[in-house]
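Colleague: Hi! Could you walk me through this one before I set anything up?
Modeller: Happy to, have a look here.

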Amino acid sequence: MSSRTFPLLRQLGYLEKNHVRVKDPVKTEELLQRLISGGFPKLQIVADFDYTLTRVHDETGKRLHCSWGVLDNSPLMPEFYRPESKVLLDKYYPVEISPHLTEQEKIPQMVDWYKQVQELLARSRITSISVRQMVEESNTQLRIGTESLLASLEASEVPVLVFSAGMGDILMHILRKFQLYSPNVKIVSNFFKYDYEDCVVGFENETIHMFNKNENVIHSSPYFKNMSGRNNVILLGDSLGDIKMAHGVPDPGAILKIGFLNDKVEERLSSYEEAFDVVLIDDQTMDAPMAIVKLML
């Protein structure tokens, strides 16, 4: 293959690294050319949060907390919370990731899962103050380089939509913990509803789960319409449901989908390569998207 073939992919190092998979280099090279030629004025970022902006494990292999894990692993939660939460996880997570069920078959069970989670949260009587404390005491870490990536995007006035089926209050506090909740960042997630005693009683609005990220209120709101001219998107996600997050972008130009494949690689790799333009296998950094941003600077 000529050294001149796919110059951007080669400059980014995507074709030389074993943990980076690009199934269709012709298509991906073209997307990169359009992204970079459009520059920051035409760009927006749409990103999942749990295990996309955050790390899955540290250098020793220790598992790190996602937004759900912050509560599951906090001593501030009542004793009944973790075992009951695990029962729900063990029942419904296999449904969420099953390759044998359609999305339409999965959705009713996802709705049931989130309904029962809200009931469990209401029984737990946690407050906004304790939620902040749980985040401070959690071991959640952002992927290496996330701070630099978001700082570059803020400096270049690139909007960042964080679209998550997790818990919005926790996401917000994590970003604030790392001083990254800047004006260009918008979070769409499941924010807590509090009662008059400041206790969580459920979620504020329509529940966001893994399979309605293309149907949620953000897609019928003025958000994407207000991004006029920003029809180039770098989408970051770690699940197949995340590829729908950019549905609703008017007159979409180049939408480059980067997927983090965190576990069950052999089982999931083929489907991830079909869904995402770039697949990163057990990559705990933001090196791949940052490399694109650097070419725009």
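**Cysteines and overall shape**

Modeller: By the distance rule, with cysteine sulfur atoms paired within 2.5 Å, the count comes to zero disulfides. Keep in mind that this is a predicted model.

Colleague: Remind me, what is a disulfide between two cysteines?
Modeller: A disulfide is a covalent bond that joins the sulfur atoms of two cysteines.

Colleague: Okay, and is Cys66 buried or exposed?
Modeller: Cys66 is buried, as its relative accessible area is 14% and the cut-off for buried is under 20%.

Colleague: And Cys199, buried or exposed?
Modeller: Cys199 is buried too, with a relative accessible area of 7%.

Colleague: Switching topic: how many helices and strands does the protein have?
Modeller: There are ten helices and nine strands. The radius of gyration is 19 Å, close to the 19 Å from the globule rule for 297 residues, so the protein is as compact as a globular protein of that length.

Colleague: What does the C-alpha trace span along its principal axes?
Modeller: About 65 × 40 × 40 Å.

Colleague: And what share of the residues is buried?
Modeller: Buried residues make up 56% of the 297. As for contacts with a separation of 6 or more, 69% come from residues 24 or more positions apart.

Colleague: Nice. What about the accessible surface?
Modeller: That comes to about 13800 Å², and carbon and sulfur atoms hold 51% of it.

Notes:
Residues are numbered from 1 along each chain as its sequence is written. This is a predicted model: local features need pLDDT of at least 70, side-chain atom pairs count only at pLDDT 80 or more; totals for chains, interfaces and linings use all residues. Side-chain values use heavy atoms; hydrogens and water are left out. Helices (H or I, at least four residues) and strands (E, at least two) are DSSP runs, numbered from the N terminus. The radius of gyration is taken over C-alpha atoms; the globule rule is 2.2 Å times the number of residues to the power 0.38. Buried means under 20% relative accessible area, exposed over 50%, partly exposed in between (1.4 Å probe, protein chains only). Contact means heavy atoms within 4.5 Å. Accessible areas come from the Shrake-Rupley method with a 1.4 Å probe; for residues, only the protein chains shown count as cover.
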